[in-house]
Amino acid sequence: MKMLRLFPLELRRLLQSRLTWLILLLTVLSPVLGLVLYKPATSTTMLSMYLANPAIAGGVAGAILFGLVAIFELDRARRSRVDILTDAVVSPLTTALTRLLALLTAAVLTAGLTMLVWLPISAGLIGSVFTGANYVLAYLLLMGLALPLGILAAAAAYQFTRRADLSIVLFIAFCALSLTVWADDWQLCWLNPCVWALSDDFSNFRVFRSVAWMRLTWLAALAGAWTVSYLCIRQYGKGIFGSLARSVRRVYRPVIAAALLACSVTAYAAQPFIDHSNPDLTVMSFYEIPYAEGVTFLSRSAQVFPDTSAGTVTGRASYQFQNTSGQEQSIFFGVNPGYTISNVKANGADVPFTVSGYQEYNEARLEVTIPAEEEVELTMEYSGFPQESLPTMQGGKELSGEYLCLENSALSPRVMNVMPGEEGYPAVIEVTLPETMIAIPFSSSQAEVISENADGTRTWRYEHNGAGGILYAGDYVREDIEAGGMTIQFYYGRKHQAVMEEAGAVEAVKAVVDYCTEHYGTLSFGSGETLKLIQSRVAGGGYAVGGASLLDEADFTIANLGDADKGAIPGEVFIHELVHQWWGLGNMFDTVDPTSPWSSEGLTVYTTYRIVKELYGEAYAQEHYVDQWRQAVDDYYLNFYVRNPEYLEVLPEAVQLGISNSLSSVRRYSEMPLKILKAEQLAGGEEAMDQILKGLFNRELDPMYPYLTYQEFLDACHLTEEELDLG
Amino acid sequence: MQLNIQHVSMTYPNGKQALKDLDLELKTPSLIGLLGPNGAGKSTLMKLLVAALMPTAGSILVDGEPLPKADRRLKAQLGYLPQDFGLFDELTVTEFLDYMAALKGLPDPKAAIRAVVRAVNLEEKARSRIRTLSGGQRQRVGIAQALLGDPPLLIFDEPTVGLDPEERIHFRNLFSRAAQDRLVLLSTHIIEDVQSVCDCLVVMDHGQVLFTGTPEELIRSAQGHVGVFWEREEAQEAGLHITARVNTSQGVRCRAVADQLPPYAQAEEPTLEDAYLYLTSREAVQ
């Protein structure tokens, strides 16, 4: 009761301090650091650049500032000797608790004020993909919860040491640990959460859940540490241990501290997000399991029920095998490490099974013994929260009402050691989704709705051939485009509709597919009749399989579509990104040396120029492409650091990297296209170059090194590197 | 209210023994003056009485209940002014008292604040920031916070330090009035403060109680041990504790206390200061 009366006064006293207002102001301004200086989210989505980075920077700065102000405030009473008066009236424990609550309230007010101030700025920077939910969750989790953590850590340090100088050193060291040694450990980086990307067009619940888990883990840990330090608050003139011995006499106090610490340890150990896959990616022991003798795969069916609210999956899978060995056989499956397997039956009877603790490539190994019968139907149920393998690139297993991606063993257990039958690995997958979601198998097969359910869900069904399989689903817009002699099914997020329409996406797809198919040939992953182009949630790149290709949303952000290096207008940047389906995905480039001017960008920019020339005429293409390249290359050759590289070497590493990246970008986006243009002229003109590129595109690939090299390009043009010198 | 100090000893972690087997009984109503030289153990005793320290031996009972069990009850009834204290400079006088009133859990803080501000003559400064106050005004804020809520136990450690003579007299009277129905413990070096208002004195030295009784009893104990004489050679003053030397036109007139007055000294009526000095000097000799 006394504390409730004291709290408003303590808060008022805190808010009357000029230092508090200075800290509050600095914290409110601190997200600007995320726009200019500190950018831990490396993706180029609008939300990564203009929401995640400012919020994380605000959290880092705010937590440090509030930690320091906590030490200052706690020490002030002692320094000014007011504690002698207050301790005579009320227990110093009550005072400490009240001060903590006042500081936490000030932090909450600051976070709220920051959100208000940055709301219009963020909305303006992010544009049409801005949503209130993403904004609130980002500022609450990435920034807001950092402030109480800073306060708890600093207050605990002070209450243990009772010395401001020592507390500051300890607190700063604790912050530095998070920013350096723990920066890549998503559970330990309490100050700067491991968020590499936020999706613009789809949901971010998985990332937010993981950050919330980390924050709550630390909140319990630091609240526990603070409670222990609270027990050490000096009383009756005793030292740390004497005070502790006296404080623990009220048993509920140490019990609360122990409970908080136990919660934290449990949360740390039992996190549901990341698996324990072998970090050595060269080990592939699951692929070395010998095939079960005499067992052949006949078919698979699975009913998958994603719970889009909880982010979990429940499923039933059924496998038909033919066992001609006359013996029991061990069948191995890869299962997502987050899933629990239950109710495993063979021909209706329970059979023994085990799930290995060892995990590899985001799979645990499920071993099931099937009976010595010729026809075996194996059924199993699985459920859980799908786990991921890469803690620094979380979000791939996003599962919400807006988007989901279930890959291989996250969709249903993947059989590992059974020979395919005559039809391969035929499978029928049924997935029940909210009515707003469209199911898109990442293959040539088409999903169809087989039932509209009373609970507002729809069940989709599709056939697949393979032991695994990938399913995308989301609130997509689908455009069917006839181009290049096939139907392009172009799927993009509904939230991105305005941007896509502004960029003339449909026209761009048609123009690119027609042009590239005609000039270079069809994509090897097209099924012949259809090709799905699926805009995916930010994933760090695209990939393709037969009949489907992925477009990473990061390539289609408002900012990227406005990148003048890639095209004069957003529609042309869109063309550029689509051309990467041919140069980048259809033909891959070695990216080992990021400073090399030869990359997928050279041929992509050149092809974009050719398409634009065809669409808008030679003068336009000359002005917006060739002249721009020349200008950039001239500037590049005149650049001080290019002419005097020895001066670049003596600059600080970070500055050096910034300049090198900028110069490297000019070489890839301007110098190389200009060289290809020169090659075109030397080789005999556009048609000759088209033939050369067609030959390269359709060349026989070396499976050990399937990349298109600069030397191969030069050889195809019958030119030398020196002949393409622009100097 | 009754405080019982039973066989209390206090030894600090550095080995210094501040109190030795102290026994005292303090009861309402009473204004008790606590006298003693520096290092006598007065402040340690006060800290023990406000539960800022725990004795290393013995016990302190608050209305029969031992500390620290009676900690809450003691704090609820206590007004304490330490010798060395601080205030929140960024607050106004009223805000600070409001803060202390909330700490004390007073039901009507505004009325209580008005009363103490009036009592310590700080009405004009009630809305001033504490950082703008003089040393004496800050001391008065300290006294005001102790008086807040009319606590039945008041403990003042050197309360009149920094106050001008007029204010000192004002506060003496204030303490005297407060002691009519309360237990007031006043530690001071200023004998006049004690002489004029205290009904009971506790004289301490080297962690022990030398005297407990009324000021009159202390004065009586020095009867025949105080004398005046004209200054003599230093050797002839051995054994005397000179308490005053006054330069006059006829020479230096000395006042001294001693177990045995020399024949050349003329006996004088002892003051409380003489008696105190006689007591402490005798203790020192012993």
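**Notebook: a predicted model, chain A and a look at chain B**

I began with Thr487(A), which sits in strand 18 (residues 486-493) of chain A. Helices (H or I, at least four residues) and strands (E, at least two) are DSSP runs, numbered from the N terminus. This is a predicted model, where local features need pLDDT of at least 70, side-chain atom pairs count only at pLDDT 80 or more, and totals for chains, interfaces and linings use all residues. Residues are numbered from 1 along each chain as its sequence is written, chains are lettered from A and ligands numbered from 1 in the order in which they are written, and side-chain values use heavy atoms, with hydrogens and water left out.

**Thr487(A)**

Is Thr487(A) buried or exposed? Thr487(A) counts as buried because its relative accessibility is 18%. Buried means under 20% relative accessible area, exposed over 50%, and partly exposed in between (1.4 Å probe, protein chains only). I then listed what Thr487(A) touches, leaving out residues up to four places away in sequence: Asp480(A), Ile481(A), Glu482(A), Glu529(A), Thr530(A) and Leu531(A). A contact means heavy atoms within 4.5 Å. I also checked Gln622(A), 135 residues from Thr487(A) along the chain; their C-alpha atoms are separated by 32 Å.

**Chain A as a whole**

I looked up the totals next. Chain A has 23 helices and 21 strands. Its C-alpha trace spans about 95 × 80 × 50 Å along the principal axes. Of its 727 residues, 53% count as buried. Among contacts between residues at least 6 apart in sequence, 74% join residues at least 24 apart.

**Salt bridges**

Side chains of opposite charge can pair when their charged atoms come close. I used the salt-bridge cut-off: a side-chain nitrogen of Lys or Arg within 4 Å of a carboxyl oxygen of Asp or Glu. How many salt bridges does the structure hold over all chains? The structure holds 36.

Asp480(A), one of the residues touching Thr487(A), forms a salt bridge with Arg478(A), with the closest N and O atoms 2.9 Å apart. Arg478(A) is partly exposed because its relative accessibility is 39%. Asp480(A) is also partly exposed, at 47%.

I moved to Arg76(A) and Glu73(A), whose side chains meet in a salt bridge (3.0 Å, N to O). Both residues are buried. They are three residues apart in helix 4 (residues 46-79) of chain A, so about one helical turn separates them.

Arg73(B) is partly exposed at 35% relative accessibility. Glu65(B) is partly exposed at 21%. Elsewhere, salt bridges that share partners join Glu10(A), Arg13(A), Glu73(A), Arg76(A), Arg99(A) and Glu90(B) into one network.

**Surface patches**

Patches are made of residues with over 30% relative accessible area and no salt bridge; like charges are joined within 9 Å, and nonpolar side chains (Val, Leu, Ile, Met, Phe, Trp, Tyr) within 5 Å. Accessible areas come from the Shrake-Rupley method with a 1.4 Å probe; for residues, only the protein chains shown count as cover.

Which residues make the nonpolar patch of about 390 Å²? I noted Leu113(A), Leu116(A), Val117(A), Ile121(A) and Leu125(A). Leu113(A) lies in helix 6 (residues 92-126) of chain A and is partly exposed, at 36% relative accessible area.

Asp725(A) lies in the segment after helix 23 (710-717) of chain A. Asp725(A) counts as partly exposed because its relative accessibility is 44%.
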